[in-house]
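Dear colleague,

Please find below the structure we discussed passing on to you. My notes on it follow directly after.

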Amino acid sequence: MALSREQLAQRVAKEMQDGFYVNLGIGIPTLVANYIPEGMQVMLQSENGLLGMGEFPTEDAIDADLINAGKQTVTAVAGASFFSSAESFAMIRGGHVDLTVLGAFEVDVNGSIASWMIPGKLIKGMGGAMDLVAGADNIIVTMMHADKHGNSKLLPLCELPLTGYGCIKRVMTDLAFIEIKDGAFHLLERAPGVSVEEIIAKTAGKLIVPEHVPEMVF
Amino acid sequence: MAGFNKVVHSYDEALAGLTDNMTLMVGGFGLCGIPEGLINHMVKLGVTGLTAISNNAGVDDFGLGLLLKQRQISTMIASYVGENATFEQQMLSGELNVVLTPQGTLAEKIRAGGAGIPAFFTATGYGTPIADGKETREIKGRHYVLEESLTADFALVRAWKADTMGNLVFRKTAANFNPMMATAGKITVVEAEEIVQPGELDPNHIHTPGIYVDRVIQASFEKRIEQRTVKAAK
């Protein structure tokens, strides 16, 4: 069975380490915060100027001056800090964030990512995504492996306008955990009950499959 | 105004000299930290042909969305404009010229503008449509794009506390683009929730020194929330 959005987030959370500063994008990446392992301390960076983002506030604690990058009201944890957007992107561009998780429309075997624009259909802007992919070394892209018609989103070459060129090394889809290196996708793990054949059929770019492909463990 | 007293008492004084076809910076992220009263007054003034530099474009009936609806903005420089239907429609019809700019690059363009740096190299956007027509350079094995800095005729800023000399303190994530924009306007106008006397703000805690600020006006804010997300009380 393909992973649900929650399971996908849960698997990504296992890549966290104690003491990590982490930036989570909008959508599935945001859910990752719900699965940070017990006893592990992680500080969440929100690019609008908050390091140490907490959970949503209770109704009586809502503060219009305290939001996340998705414009949702949030709280700040003990040890948090506030700063300007320039400072925030100095952290991101300067490579100080330990792990970045964000979504994508397409990725390709060169590690390029398209996530911000569908010509003629969707032009909302890239927000901070281009800076995040250019600045971070440790990025996990979360996405659906194929569209609802079964067309692969893991391509030989991205077809949509790029967000970043050659910057993605790890992709977590609803079917598989994949590493990108040497101009190919490398299958690391498969979702429980998903066959290697299905992953091969839904991966358009060159895919290297080892002899044994373990199932994800939750 | 006398000496270093920058306090003005009306929006007409605050925006004196703002005319058609000027370039403006407007602070805020979404609707958080926007100079609400200054935006509302620009609607009243009816100035047109404006170039607006702001991370977002407000929503249809609040923030910069109000200026868009009156067709007062001709060029918008922003990183994300997804929350505004008027915007999308004017952009698709070609009425509005839009320069989508990565958020970090936008922040740095403004910071650099205020700091007298004309351009800088960044890896952001290399190999993407954002780099089209721009100079690129390989430095120590990595590719970078040359991005030019930004300044404006007016910077419109919202602060939490200001003293009469224009020293500013921002509050929580309402800081966002405001501190850099305060440095990059030929005329910087600050709308503050509270104005205090010199000496009342601890010099250790001032975010923006008064040298950057030209006018300060006291205001109360609606502080509209875009996404009201809550958890259940225990």
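How many salt bridges are there between chain A and chain B? In this predicted model, the count is 7. One of the salt bridges pairs Glu59(A) with Arg228(B), whose closest N and O atoms lie 3.1 Å apart. Polar contacts between chain A and chain B amount to 24 residue pairs, with both residues at pLDDT 80 or more.

On the side of chain A that touches chain B, helix H3 (85-93) and helix H4 (129-135) of chain A each supply at least two residues. H3(A) gives the largest share of that side, 4 residues. By residue type, this side of chain A comprises 20 nonpolar, 14 polar and 10 charged residues.

As to extent, the contact draws 44 residues from chain A and 52 residues from chain B. Together the two chains bury about 3900 Å², and carbon and sulfur atoms account for 61% of that area. Within chain A, the residues that lose the most area to chain B are Asp65(A), Lys71(A) and Lys124(A), which together make up 21% of what that side buries.

I also looked at strand pairing in chain B. Strand E1 (residues 23-26) of chain B runs parallel to strand E2 (residues 50-53) of chain B, and 3 bridges join them. In this pairing, Met25(B) stands opposite Ile53(B). The chain passes from E1(B) to E2(B) through helix H2 (residues 36-45) of chain B, in a right-handed β-α-β crossover. E1(B) is also joined by 3 bridges to strand E8 (residues 152-163) of chain B, again in parallel. There, Leu24(B) stands opposite Phe154(B).

With kind regards

Definitions and conventions. Residues numbered from 1 in each chain as written. Chains lettered and ligands numbered in written order. Predicted model: local features only at pLDDT ≥ 70, side-chain atom pairs only at ≥ 80, totals over all residues. Heavy atoms only, no water. Contact = heavy atoms within 4.5 Å. Buried area = accessible area lost by both parts, 1.4 Å probe. Salt bridge = Lys/Arg side-chain N within 4 Å of Asp/Glu carboxyl O. Polar contact = N/O pair within 3.5 Å; in protein donor to acceptor, adjacent residues only side chain to side chain. Nonpolar A, V, L, I, M, F, W, Y, C, P; charged D, E, K, R; others polar. Pairing = 2+ DSSP bridges. Right-handed = clockwise from strand over helix to strand, strands pointing away.
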